[in-house]
Each structure stands twice: as structure tokens, then as C-alpha cells.
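Here are some friendly notes to read alongside the structure. Take them one at a time, and find each residue in the viewer as you go.

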Amino acid sequence: MILALETSCDDTCAAVIDRSGEILANVISSQGIHDRYGGVVPEVASRHHLELIGDVVQDALRTAGASLPALELIAVTCGPGLVGALLVGVSTAKALAAAHRLPMAAVDHLHGHVAAGLLAPQPFEPPFVSLIASGGHTLLARVSDPGPAFRVLGQTLDDAAGEAFDKGARLLGLGYPGGAALERLAREGDPTAFDFPVAARVRGLDFSFAGLKTALLYRLRDLGEAEAERRRADLAAAYQRAIVEALHLRVKRALAATGLTRLAVGGGVAANGALRARLATLDVELDIPPRELCTDNAAMIASAARFVRPLPYPDYLALDVYASGERILA
Ligand code: KG4
Ligand code: ZN
């Protein structure tokens with residue numbers, strides 16, 4: 001059995017899976033304290049991870065009927081993410097692994113998102129194109145094998161797709177995180193009522209969402225308070241449509257460039273109904289894992305750990321975390 005810890009953002013997560021990818025426990029403690037700030041406050045997140053991690057790990061072990069000495073491997077997210085938050089998970093994993101002389105696997109968070117689809121009961125086998133769209137990342141990759149060396153085809157140049165949803169939601173007076181609320185509001189609106197930019201000028205397979213947010217801001221200003229209020233649903237629907245079209249366009253290009261007809265989608269934005277419907281029009285075999293495996297969780301980290309070279313005791317004690325940049329290609 002593999003125990004994995006994930007603390008890269010504001011969810012404190014621990015999971016236990018077996019080698020075949022069956023999930024025995026998947027515990028997620030969402031801090032739910034950042035709403036009032038309109039975003040995640042790194043230092044607040046770290047402190048809460050510290051308070052929660054012990055109970056979350058124990059809960060996962062208990063649910064799985066597992067004990068630490070009987071584990072085969074301990075896995076942990078080393079980056080990218082909030083450094084203070086990551087350190088809580090990595091330090092905890094080091095301590096648990098070292099105390100029992102267990103090996104440890106350092107997992108890249110994005111490899112985790114990609115590996116979510118490789119879990120039982122229906123593992124989606126490579127090769128496939130992977131779209132990861134969350135509050136923290138927007139990534140298109142060609143996944144040839146389950147290891148961490150997947151090829152990144154495109155990334156966002158500025159805001160992540162989920163961030164674009166959240167910023168739009170904020171401008172429309174919805175809470176944080178606002179993706180789901182914006183989707184609900186958009187259902188009552190006309191997506192063609194406004195013409196928002198889909199970053200068509202960004203070449204290749206990269207994304208850009210910063211211009212879209214600015215376009216909404218200017219449109220709200222032009223409409224004036226009363227009219228903007230009256231047309232909120234139309235604004236939400238058109239704004240959502242621009243994000244969905246931007247994602248759809250790059251996915252289509254990625255499929256054409258790779259010649260692949262298999263597409264896996266992950267990240268919190270994968271919950272969006274309009275995106276799902278749009279991607280369903282593509283002529284591909286589509287895999288979208290259940291919502292709890294699309295958003296941040298530790299089961300996906302455990303899944304990825306199966307395809308990472310484990311570090312023996314005590315080699316991992318010097319392991320560091322990283323905020324962004326190079327993926328670990330172990
Ligand atoms: O993967 P996730 O839970 O956390 C990370 O950011 O890693 O993704 C959260 C993001 C937020 O930006 C949230 O607004 C967005 O996913 N989201 C949605 C929906 N549900 C969550 N965006 C659009 N439509 C939704 N239904
Ligand atoms: Zn994530």
C-alpha cells in the first residue's frame with residue numbers, strides 16, 4: 001500500500017491506494033477559511049495544514065485499514081505550489097517515512113493531476129492528450145507513458161483557467177472561489193450576448209486569460225451599474241463561453257498536432273458543464289475522472305508515485321520543495 005500526502009495549496013489531503021490503483025482511502029480537508037479574503041492566503045494555509053495533517057493522515061490510514069510499518073511507500077507533493085504549505089506535507093512525509101525506514105517518492109503536483117486518470121476501476125491508458133485546468137494551473141500535455149516525463153504542449157502565459165473564472169466571478173459580485181457560482185448564473189444567460197476575447201492571437205498551444213478579465217471589467221464599466229446588474233447572467237454566460245472556447249480551441253489543436261484521439265481532463269474546472277459539453281463534441285475518447293479526483297487530492301499523488309523512482313532512506317531527508325519551474329523527472 002502507498003500513503004500519499006498533498007498540501008500544495010489550501011486542501012490538506014492524505015490517501016492510501018494499492019499498487020493496482022485501487023483507492024482505499026482519500027481524505028480531503030478543505031480549509032474553507034480563505035473565502036473571506038477572496039483568495040488563498042499562503043501563511044494561513046500553512047498554519048492550517050500544520051493543524052490538520054496529523055488527523056488527516058490518521059483518518060486515511062484508519063479508513064484503509066493500514067498501519068505505517070506495513071506501508072510499501074510514502075509519497076508526497078514537492079511542488080509546484082505554495083512553499084510553506086508544501087513544506088508541511090514534505091516534512092510530515094519525511095518524518096513518517098524515516099521513523100519506519102520506508103522509501104519515499106517525491107511527486108510533482110501536475111504529474112499527480114495527469115495520473116488521476118490512471119486510477120482503478122477504469123484506468124485511462126496512455127497515450128493521450130491531457131488538459132489540466134484548475135485555479136492554479138492550465139496545462140496541455142502529451143502523455144506517452146505513466147511516468148513524470150510527459151511532454152508539456154502548452155501552458156497559460158498569465159492567469160489559470162480557474163483563476164479566470166474566479167476573477168470574473170468576483171467582478172460579477174459572486175463569492176470565492178466563484179467558478180461554480182458563475183456557471184450557475186451563466187445558465188440563465190445568453191452566451192452570445194457579448195463578444196469576449198478568446199486569446200485567438202496567442203499562437204500555438206499556450207493560453208492567456210488576463211485580457212478576458214480586463215475585457216469584462218471594461219464592459220461592466222461601459223454598461224454602468226444598473227444595466228450591468230440587469231445583464232449579469234448574459235455577462236456570465238458570455239464570459240464562461242470565452243474561457244470554454246479558449247480551452248476547446250487549444251485542445252483541438254493539441255489533438256491535431258499529436259494525432260491522438262484520446263483526451264483526459266482534470267482540475268477543478270473539469271466540473272464545468274459547459275466545458276464538458278463542448279469537449280464532448282470532439283471526436284475523441286474522453287476521460288473525465290469523478291470530481292473528487294479532478295480537484296486537488298492525494299489519491300492522484302499516490303497514483304503518480306507508482307511511476308516515480310522511490311528514494312531509499314535516508315536519501316530523501318535532504319529533499320526540498322519548489323514553488324514553480326522544473327518538474328522532477330525522476
Ligand atoms: O483543482 P482545484 O480544486 O484547485 C486548484 O486550483 O488546484 O480547482 C479550483 C478551481 C477554482 O478556480 C474554481 O473556481 C474552479 O476550479 N471551478 C470551476 C467550477 N468548479 C470549480 N470553474 C468553472 N466551473 C465550475 N463548475
Ligand atoms: Zn491542482
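1. A word on the model, then Leu171. What you are looking at is a predicted model. You will find Leu171 in helix α4, which covers residues 161-171. Together with Leu217 and Tyr218, Leu171 makes up a nonpolar patch on the surface, and the accessible area of the three is about 250 Å² together.

2. Helix α4 and its partner. Two packed helices are described by the angle between their axes and the distance between the axes. For α4 and helix α8 (residues 232-258), the axes come within 10 Å and the crossing angle is roughly 170°. Angles over 145 degrees count as roughly antiparallel, and therefore α4 and α8 are described as roughly antiparallel to each other. To see the contact for yourself, pick out Ala161, Ala164, Phe165, Lys167 and Gly168 on the α4 side, which meet Tyr239, Gln240, Ile243 and Leu247 on the α8 side.

3. The model has 10 salt bridges by the rule used here. One of them joins Lys213 to Asp159, with 3.7 Å between the closest N and O atoms. Lys213 sits in helix α6 (residues 210-223), whereas Asp159 is in the loop between β8 (151-155) and α4, so the pair links distant parts of the chain, 54 residues apart.

4. Arg187 and Glu183 meet through their side chains at 3.8 Å, N to O. Here Arg187 is exposed, with a relative accessible area of 60%, and Glu183 counts as buried at 12% relative accessibility. The side chains of Arg231 and Asp234 also form a salt bridge, at 3.4 Å, N to O. Arg231 is partly exposed at 21%, whereas Asp234 is buried at 19%. Those two values lie on either side of the 20% limit below which a residue counts as buried. Elsewhere, salt bridges with shared partners join Asp159, Glu163, Lys167 and Lys213 into one network.

5. The buried side of helix α5. Which residues of helix α5 (residues 179-186) are buried? They are Ala181, Leu182, Glu183, Leu185 and Ala186. Among the elements that cover these buried residues are α4, α8 and α9 (273-280).

6. Thr7, a buried loop residue. Thr7 is found in the loop between β1 (2-6) and β2 (11-17). With a relative accessible area of 1%, Thr7 is buried. Leaving aside residues up to four places away in sequence, Thr7 touches Thr12, His49, Ile53, Ala85, Leu86, Val88 and Gly89.

7. Leu153 and its contacts. Leu153 is in strand β8. Which residues does Leu153 touch, not counting those up to four places away in sequence? The contacts are Leu140, Ala141, Arg142, Leu205, Ala254 and Thr258. For a sense of scale, the C-alpha atoms of Leu153 and Ala95 are separated by 36 Å, and the two residues are 58 residues apart along the chain.

Technical notes. Residues numbered from 1 in each chain as written. Chains lettered and ligands numbered in written order. Predicted model: local features only at pLDDT ≥ 70, side-chain atom pairs only at ≥ 80, totals over all residues. Heavy atoms only, no water. Patch = residues over 30% accessible without salt bridge, like charges linked within 9 Å, V, L, I, M, F, W, Y side chains within 5 Å. Areas by Shrake-Rupley, 256 points an atom, 1.4 Å probe, with all protein chains shown as cover. Salt bridge = Lys/Arg side-chain N within 4 Å of Asp/Glu carboxyl O. Helix = DSSP H or I, 4+ residues; strand = E, 2+ residues; numbered from the N terminus. Axes fitted to C-alpha atoms, helices over the stretch in contact; angles between N-to-C directions. Parallel < 35°, antiparallel > 145°, perpendicular 65-115°, else oblique. Contact = heavy atoms within 4.5 Å. Buried < 20%, exposed > 50% of the residue type's maximum accessible area, 1.4 Å probe, protein only.
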